Amino acid sequence: MKKDLYDIAVIGGGPAGLMSAGSAAETGVSVILLEKMNTCGRKLLISGSGRCNITNTIKTVKDFINRLNVNNKFMYQALNGFKPSDTVAFFNNMGLKTTVERGFKVFPAGEAGSDDVLRVLMRYAVTNGTEIVCGAEVTEISHDGVFHLKTPKGQIKAKCVIISCGGMSYPKTGSAGGGYALAEALGHHVVKPAPALVPVYTPDEWVKQAQGVSLRDIGLTLYSGGKKIAVSSGDLVFTDRGISGPAVYDLSRKTSGTDLSIDIDLMPDMEFAGLDAELEQKLKENNKKLIRNIIDGYAVSALIPAVFSLSGVDPETRASNLSGKDRKKLVSVIKGMRVNNVEFAGFERAVVTAGGVDTKEIDGRTMQSSIVSGLFFAGEIIDTDGPTGGFNLQICWSTGRLAGRNAAEKSKNI
Ligand SMILES: Cc1cc2nc3c(=O)[nH]c(=O)nc-3n(C[C@H](O)[C@H](O)[C@H](O)COP(=O)(O)OP(=O)(O)OC[C@H]3O[C@@H](n4cnc5c(N)ncnc54)[C@H](O)[C@@H]3O)c2cc1C
């Protein structure tokens, strides 16, 4: 460690910690960032499957916070101070071009991905003077006017501390819940963490056989005991154990109940009756064809065998011989491929953690603790989370910027 007393110590080198450190150091104060793992930003590197959906194009702060799952109002000031458009400007000014996909999600442009996002953040922190120490898990923290931090690399003293240790999802990336213990040691309460935005497991054989198949813009309906409890839409991918992707993640936020099943609607833009009428017409026009050759316009080829097995209709049936009942069975499956005995994954595969440090004990105008003066929070450790689509990283940028700037200001008066 280069100094006996730092103005600011940031605990955790994820996106929130790096943004906090850079934002504070940019104002001229001394900053040390302590990261438990051997490198920073492990979770950032796997974000967006390595492509990193850094933010989105939502225009107003109100619209953004309305999409968050909890503590929407708490996030207002942070978002107002550093909006999605500020995120885009920040990365562009640092030389990373961005692109908008699906009319809404912002990604690094071209071949660039998460590693480029991490490089920008590291450069932002380091060129402004942050001392980054990896392999430095903070195991103890106390405060007697200044903060005392214990790490395997030695003791650190700092006037202000920003805790940005993330949540508990994908614990192998380093965020395994250790930050909550540090917050609690200083008197904070933690709203029980829970895995959020998780993939789905199922024993269904047809799902496993579709491994690797991706679907765009499908609709999902979640049932508990046959009763509809939630819907979502978006993209989906079949995995070795079930289904994953944004549409599944958004559904997983609403998991409750038992005896869960999910219907995948391959053609959500068409009503059952319209699709049935269209198929009936196609069958008439192609009455000599086998129906497997007619159905292929309604599902990707890898799913066609499953469409027939789930409907119980023989794919070798000639169109002219297909009964109205069997046609409706096929339409039912296209509008709802049933995934049975659904189980939502736990923390090990969660994109984000719900719960965290109670926002009632954090001042949303500064990210400072209302319990310990000079203590700040940033990122996923705070009890707020959003859906897929760049919301969760935007929370990191906004809270990181606010915590960094205010911790810097605070440290000047200690
Ligand atoms: C597979 C996956 C894909 C995702 N894709 C996206 C996406 O495309 N867009 C999006 O917006 N969000 C995405 N997310 C969510 C996003 O990555 C997280 O919300 C974000 O990384 C949280 O940042 P953070 O800095 O708060 O915490 P983290 O990234 O978890 O960083 C916390 C850091 O603190 C360190 N640490 C923990 N305890 C200590 C300690 N005691 N001492 C020192 N260091 C400590 C950890 O090692 C870690 O490096 C994705 C998440 C996953 C898992």
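Ala, Val, Leu, Ile, Met, Phe, Trp, Tyr, Cys and Pro count here as nonpolar, Asp, Glu, Lys and Arg as charged, and the others, Gly among them, as polar. The model is predicted: local features need pLDDT of at least 70, side-chain atom pairs count only at pLDDT 80 or more, and totals for chains, interfaces and linings use all residues. Residues are numbered from 1 along each chain as its sequence is written.

View 1. The ligand is surrounded by 39 residues (C-beta atom, placed from the backbone, within 6 Å of the molecule), of which G12, G14, G166, G174 and G379 are the closest. Two or more shell residues come from each of α1 (15–25), β2 (31–35), α2 (42–46), α7 (178–185) and α14 (391–411); helices (H or I, at least four residues) and strands (E, at least two) are DSSP runs, numbered from the N terminus. By class, the shell holds 16 nonpolar, 17 polar and 6 charged residues.

**View 2. Contact of α1 with α6.** The axes of α1 and α6 (residues 114–127) come within 7 Å and cross at roughly 30 degrees; axes are lines fitted to C-alpha atoms, for helices over the stretch in contact, and angles run from 0 to 180 degrees between N-to-C directions. On the α1 side P15, L18, M19, A21, G22 and A25 meet L121, M122, Y124 and A125 of α6, with contact meaning C-beta atoms, placed from the backbone, within 7 Å. This contact has 9 nonpolar, 1 polar and no charged residues.

View 3. F308 lies in helix α12 (residues 304–311). F308 is buried because 21 other C-beta atoms lie within 10 Å, the cut-off for buried being 20 or more. Beyond its neighbours within four places in sequence, F308 contacts V313 and P315.

Terms used:
Contact = placed C-beta atoms within 7 Å. Buried ≥ 20, exposed ≤ 12 C-beta atoms within 10 Å, placed from the backbone.
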